[in-house]
Amino acid sequence: MAEVRIELIEKRIGQKTILPPLTLTVHDGEFFVLVGPSGCGKSTLLSLLAGLDQPTAGRILFDGSDVTDLEPRERDVALVFQSYALYPHMTVRENMAFPLSVAPRAKRLEQKRIEEEVQRVAGFLGLSALLNRRPRELSGGQRQRVALGRALIRKPRLFLLDEPLSNLDAQLRASMRAELLRLHKELKVTTVYVTHDQTEAMTLGDRLAALNQGRIQQVGRPHDIYATPANLFVASFMGYPPMNLLSARLRNDSIQAGPLYLTRPPDAPTVNQGQTLTVGLRPEDIVVSPANDTGAEGAGFGIVRLTEPSGPTLWVTAELNDHDEVVTIIGSAQAGFVPKIGERVAVSAPRATLHLFDPTTGLRLGSS
């Protein structure tokens, strides 16, 4: 296991900056997730950690030792790719044994010992019955487990995973996430996991870093980032359906957000009357009810444009007219209420947690 310290790492290609100077610490034994949209630099950062690419500036340290200039084989890291990258002419047994078979002579194990290690890793990955098959004879989930096994058999100090579940169907992704968590708890290898899927990030990570355009926007535990996003990017990216972001103004003791009038939180930051804000509302805090619902506090009224059933929750996208402006809001339907497309509904936020942001800087305003 290893603590990973990235100090002012920068990556440029010609005049283009891929990663601006970036500093980050991954704790020993931690499952750390890098999450962000495509092209934000997360895979580039992983390649720098693996030694597959060299930074333009900065240092990478493992347990305090500078590894910036070391070759990949000298760093004792294992990397799992999105594409599995299995050798098609080799069996599962040969694929998993390969890292041990090509180890430096001084560290190379006897063939009997290699076979024991293959059997051990195959056992806890559920691959024992598949050792004589070739990759073309395996399902996507089985290939992914072979790729994981090939990485784990080396007992690396650092485990790097680059979107390893992206090619799997939804049900298999869920089961493989559980498998990854189980393996991490058993092996306790420091892990850096890259994904664009915020659900994976929230499910897997002890901590996560949200990246955008090469810059770290926020680092923290998944619950803390979801509950108190640091800026508008994190607020809109983390969570599905995404947070509603509405232009708002402070009106006496209430906040007017489009057609909605929201109770000002007692711990809201100090702002001037009439000051423009951006207010964030999670869809689960917004209630969509029949238009004649007299108990809908601070309600606006709108027209249903889309409904999305999601297990026990029905997400409703409604368009509300705010004078001459149309505001789109996503909320959850009141229990037992199933609105139709085009139906007029009441939209309210009676118990909503308000997230207030500066519309100019995009930064969170205080604690709310």
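1. Terms first. Ala, Val, Leu, Ile, Met, Phe, Trp, Tyr, Cys and Pro count here as nonpolar; Asp, Glu, Lys and Arg count as charged; the others, Gly among them, count as polar. The model under discussion is predicted.

2. The cavity lining. By that scheme, the residues lining the largest cavity divide into seven nonpolar, two polar and one charged. The lining consists of Phe31, Leu152, Phe159, Leu180, Leu183, His184, Leu187, Lys188, Val189 and Thr191. Lys188 is in the lining and, as a Lys, counts as charged. His184 and Thr191 also line the cavity; His and Thr fall under polar.

3. Which helix gives the most to this lining? Helix α6, residues 170-187, does, with four residues.

4. Cavity count and volume. One cavity reaches 30 Å³ or more. The largest cavity holds about 90 Å³ of space.

5. The sheet. Four strands make an open sheet, ordered β2-β1-β4-β5, with antiparallel pairing. β2 (16-26) and β5 (65-66) are the edge strands; each has a single partner strand, so one side of each lacks a neighbour in the sheet.

6. The β4-β5 pair. Strand β4 (residues 57-62) runs antiparallel to β5, and two bridges join them. Within this pair, leucine 61 stands opposite aspartate 66 of β5.

7. Helix on sheet. Helix α1, residues 42-50, packs on the sheet. Which strands does helix α1 touch? The helix touches β1 (4-13), β2 and β4. The direction of α1 makes about 115° with that of β1.

Notes: Residues are numbered from 1 along each chain as its sequence is written. This is a predicted model: local features need pLDDT of at least 70, side-chain atom pairs count only at pLDDT 80 or more; totals for chains, interfaces and linings use all residues. Side-chain values use heavy atoms; hydrogens and water are left out. Two strands pair if DSSP finds at least two bridges between them. Contact means heavy atoms within 4.5 Å. Axes are lines fitted to C-alpha atoms, for helices over the stretch in contact, and angles run from 0 to 180 degrees between N-to-C directions. On a 1 Å grid over the protein atoms alone, a cavity is a set of points where a 1.4 Å probe fits but cannot get out, and a pocket is an open set with protein on both sides within 12 Å along at least five of seven lines; lining residues have an atom within 4 Å of a point. Grid points are joined across faces, edges and corners, and a volume is the space filled by probe spheres set on the points.
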